[in-house]
Amino acid sequence: MSKPTYKRAERVGDQIRMEVAEILARKSKDPRLNLVTVTDVDMSSDLRLARIYVSTMYQGQEAEDVLKSLTRAVGFIRTEIGRRMTLRYVPDLKFYMDPSGLRGDRICQVLDQLDIPAEVTSGESGDQMVPSE
């Protein structure tokens, strides 16, 4: 029997990601937390610590305030996870801002600023690539 390539920590992390996203969207009383997207969860191998990466539309001080609000809501979120999931230990939750959204926006801005001729991007040259056999 072959070993599964999908570790239990990854499966539990995916489930926690979905549960935290739903808790923030439906159960949170703080309106700023409704605009938070849970992008990733990294679980420790012993399932005792969950590093939760979030992104938000806020920037600067407002984004830091959202992170502080998430940190204050850890007890509530852990309680909800404990009710929803069957785990021996409910993991400690640590929230981090995910910078990949900002990096993606910056890449899009740089690509928009490039001066690319229209015929190359629109495919009007008439030449079609045919795979060689």
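The model is predicted: local features need pLDDT of at least 70, side-chain atom pairs count only at pLDDT 80 or more, and totals for chains, interfaces and linings use all residues. Residues are numbered from 1 along each chain as its sequence is written, and side-chain values use heavy atoms, with hydrogens and water left out.

**Helix α2**

- Helix α2 comprises 12 residues (61-72) and reaches 16 Å from its first C-alpha to its last, close to the 16 Å expected at 1.5 Å a residue; the expected span is 1.5 Å times one less than the number of residues.
- Helices (H or I, at least four residues) and strands (E, at least two) are DSSP runs, numbered from the N terminus.
- An α-helix has 3.6 residues a turn, so residues three or four places apart point the same way.

**Helix α3**

- Val-74 is in helix α3 and is buried, with a relative accessible area of 16%.
- Leaving aside neighbours within four places in sequence, Val-74 is in contact with Leu-93 and Phe-95.
- The C-alpha atoms of Val-74 and Asp-92 are separated by 8.4 Å, with the two residues 18 apart along the chain.
- Glu-80 also lies in α3 and counts as buried, at 7% relative accessibility.
- Not counting residues up to four places away in sequence, Glu-80 touches Ile-23 and Lys-27.

**Loop between β1 and β2**

- Leu-47 lies in the loop between β1 and β2 and is buried, with a relative accessible area of 13%.
- Phi of Leu-47 is near 65°, a positive value in a residue other than glycine.
- Most residues other than glycine have a negative phi.

**Loop between α4 and α5**

- Leu-114 is placed in the loop between α4 (100-113) and α5 (118-122).
- At 47% relative accessibility, Leu-114 counts as partly exposed.

Key. Buried < 20%, exposed > 50% of the residue type's maximum accessible area, 1.4 Å probe, protein only. Contact = heavy atoms within 4.5 Å.
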